[in-house]
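Let's walk through it together, from the whole chain down to single side chains.

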Amino acid sequence: MYIKQVLNNNVVIALDNSNNEIIVVARGIGFKNKNNSIIDENTYSDLKRYVLDNAGFDEIRNAYERIPQDILELSSLLLEKEKSKKEIINFISINAVMLLADHIHETIHRLKKGLYLRNALTNEIKMFYQSEFDISMIAKKVLLEKYEIALNDDEIAFIATHLINLNSNNMNETITSIQIVDDLVNIVRRVMNIELKVNSYTYTRFITHLKYFALRIINNQKINSTYDQKLAKFVKENYKLPYSCAMAMKRYIISKYNYEIVNDEVIYLTLHLENLEKEK
């Protein structure tokens, strides 16, 4: 791996062994090296690699000059933990690091002025994306220690949204996905009149299914149909309330998102709902 262009003392554009352009960040890497220098990776214990993505060199240089190094490192830490949780193999994009760091940086300035924002999705994020919320709690501890800034749950949820968005790079899609899941869960509560056991394995499996279901709705993707008429008949006759609830969910999705749910999806939802009903 060698340096293609030095952006500042801590950031360089490099070419890896496959000749791909990547961003390399390490303290002093741009100060000690010049263009075309070979990078001795053993020299830098804090060395990190990022996908260049569509970020411009000037944009990257500006971000690393404008945002304090400890905030950039905090952003990287949070994203790396999320990457590990999701078992993502690819490098994190430099855009993801800069966007989260910029958000945290602006949050510090805003809270110092006593300006708090309400997050309409805080409860949903805490419920459906608990692990991302927990990772974001690291920021609460760091900012309190270094900047004497106290993050409330709304601010932590804003940070968690960046983690949820990792690997999709579409914040609107992430927010819409959260709203879809929340709306569908509320339909379940209303139609089936049950108290959901949010810490149960059955509930976790159901929410995971809804998350992927929401992404299919947003991207207008359909599952491959393997419709089993015998199974469908059994489900309709024996799981009447769960089936009725699944049909209510189908009507909602068609009405709000103009997305036609295939019969297989209704059956899958019904089976999940039946398991939830057994837990009540």
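What follows goes from the overall layout to the pocket, the charged pairs, the aromatic rings and the cavity.

A word on ground rules: this is a predicted model, so local features need pLDDT of at least 70 and side-chain atom pairs count only at pLDDT 80 or more, while totals for chains, interfaces and linings use all residues. Residues are numbered from 1 along each chain as its sequence is written, and side-chain values use heavy atoms, with hydrogens and water left out.

Let's begin with the chain as a whole. It has 12 helices and four strands; these are DSSP runs numbered from the N terminus, with helices being H or I and at least four residues, and strands being E and at least two. Along the principal axes, the C-alpha atoms fill a box of roughly 75 × 45 × 30 Å. Of the 280 residues, 48% count as buried, where buried means under 20% relative accessible area, exposed means over 50%, and partly exposed is in between, using a 1.4 Å probe and protein chains only. As for contacts (heavy atoms within 4.5 Å), take those with a separation of 6 or more: 69% of them are between residues 24 or more positions apart.

Now for the empty space. Rolling a probe the size of a water molecule over the atoms shows where empty space is left. The search runs on a 1 Å grid over the protein atoms alone: a cavity is a set of points where a 1.4 Å probe fits but cannot get out, a pocket is an open set with protein on both sides within 12 Å along at least five of seven lines, and lining residues have an atom within 4 Å of a point. Points are joined across faces, edges and corners, and a volume is the space filled by probe spheres set on them.

The largest pocket holds about 760 Å³ of space. It is lined by 26 residues, and Lys85, Lys86, Tyr129, Glu132 and Lys211 are the ones nearest its centre. Helices H3 (69-86), H5 (122-128), H6 (130-147), H8 (171-192) and H9 (201-218) each put at least two residues into this lining, with H9 giving the largest share, seven residues. Sorted by class, the lining has 11 nonpolar, nine polar and six charged residues. Here Ala, Val, Leu, Ile, Met, Phe, Trp, Tyr, Cys and Pro count as nonpolar, Asp, Glu, Lys and Arg as charged, and the others, Gly among them, as polar.

Stay with helix H3 for a moment. Ser76 is found in this helix and counts as buried because its relative accessibility is 3%. Leaving aside residues up to four places away in sequence, Ser76 touches Lys48 and Tyr50.

Next, the charged pairs. Side chains of opposite charge can pair when their charged atoms come close. A salt bridge here is a side-chain nitrogen of Lys or Arg within 4 Å of a carboxyl oxygen of Asp or Glu, and the whole structure has 12 of them. Glu82 is buried at 0% relative accessibility, whereas Lys85 is partly exposed at 38%.

Elsewhere, Lys256 and Asp183 meet in a salt bridge of 3.7 Å, N to O. That pair links distant parts of the chain, 73 residues apart: Lys256 is in helix H11 (residues 240-257) and Asp183 in helix H8.

Now the aromatics. Rings of Phe, Tyr and Trp (its six-membered ring) pair if their centres lie within 6.5 Å; planes under 30 degrees apart are stacked, over 60 edge-to-face, and the rest tilted. The whole structure has two such pairs. The rings of Phe234 and Tyr239 have centres 5.7 Å apart and planes at 85 degrees, so they are edge-to-face. Tyr252 and Tyr257 also pair edge-to-face, because their planes are at 75 degrees, with centres 6.2 Å apart.

Finally, the structure holds one cavity of 30 Å³ or more, and the largest cavity has a volume of about 40 Å³. Among the residues lining the largest cavity are Ile194, Tyr203 and Lys280.
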